[in-house]
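Colleague: I would like to know how the terms in your description were assigned. Please set each value against its definition.

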Amino acid sequence: MRVVSRQWSVVSKSLFCLALSAVLLALCSSASAQQPKKVPRIGFVNTEGSPQAPGPQFEAFRQGLRDLGYIEGDNILIDLRFPQENTERTASLVTELVQLKVDLLVLGAQPAIRAAKQATKTIPIVFVTTQNPVAAGFVDSLARPGGNITGVTRLTRELAGKRLELLKEVLPETSRVAALVNETQTENDFKPYEAPARALKIQLQLLKVREPNPDFEAALQAAAKGRATALITVSGSLFNRHIKRFADLAIKHRLPSMHERVRYVEEGGFMSYSANDAANYRRAATYVDKILKGAKPADLPVEQPTDFDLAINLKTAKQIGITIPPNVLARADRVIR
């Protein structure tokens, strides 16, 4: 009996230990399940838009995230920063987001990209840039960006020759074109137009305007005085804030204008040829998704656009007395009447 009793005691202790282990394991699993999952926080900086009206670029980015299953406020958080009229604040806004230790930065302005490159070597950076990112020093190469940065280039300057060709098709007699730039822009912004202009026998007249209150009226008077028969805006944050005002003045002076973004044509500009802006920002969302899932920016090649838009504003053409050749009109992706 004593042997049986001892055996039963041993069995009872074993069963008790097993039961206790099961209870502890269940409690640990329950506690682990109850721990909230970390929601990634994205910092987004752009010179277009405002906190109240973020603008089409951010909306395209947000739609790209939605298409990938991300819902703002649910499984992803986005901190928006817009310098608005004071572009000198751009660098400080980036620094602010870095100090908040966001999980990733999405940047659409050149000053923001440069500031982020200096401010952090660890937080992943996704850009959408008008610049050649290699020439600008953002990445080592398109195929292997290196460091903590990658993104999408819009080929804005690389399309300079195509814009001049389109102007020449519409205005065959054009021999002088005014190029409007912000005086703070670099030579890299204007230089891509020089070689195509020489090939097309077009003389470029460089006109500079100054922040924060550009005198577009004086610039267009100078264009007329220089006998320019068309003009090109070398876009940047300064022009982006005054699109409608500039378009109205160009119409007043009866100067056909070529632009680097569709938005200018939507607000009264004459023509534009550019990569599809919304598509570029949707692609930025794809980079965010890959990085949040473990990919390193250095291993994600910089993408170049494949979707381009020719936009023509027929209402503006009529106001300044220009007839668009049928073969050009037939190629337009966007026609505003």
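Colleague: What makes a stretch count as a helix or a strand, and how many are there?
Modeller: Both are DSSP runs, numbered from the N terminus: H or I over at least four residues for helices, E over at least two for strands. The chain has 14 helices and twelve strands. This is a predicted model, where local features need pLDDT of at least 70, side-chain atom pairs count only at pLDDT 80 or more, and totals for chains, interfaces and linings use all residues. Residues are numbered from 1 along each chain as its sequence is written, and side-chain values use heavy atoms, without hydrogens and water.

Colleague: Why is the pair of Tyr273 and Phe308 called stacked?
Modeller: Rings of Phe, Tyr and Trp (its six-membered ring) pair if their centres lie within 6.5 Å, and planes under 30 degrees apart count as stacked, over 60 as edge-to-face and the rest as tilted. The search of the whole structure finds eight aromatic pairs. For Tyr273 and Phe308 the centres are 6.3 Å apart and the planes 15° apart, hence a stacked pair. Tyr273 lies in strand E10 and Phe308 in strand E11 (residues 308-313), so the pair ties together parts 35 residues apart in sequence.

Colleague: Why is Tyr273 called buried?
Modeller: Buried means under 20% relative accessible area, exposed over 50%, and partly exposed in between (1.4 Å probe, protein chains only). Tyr273 has 15% relative accessibility, so Tyr273 counts as buried.

Colleague: And what does Phe308 count as?
Modeller: Phe308 has 24% relative accessibility and therefore counts as partly exposed.
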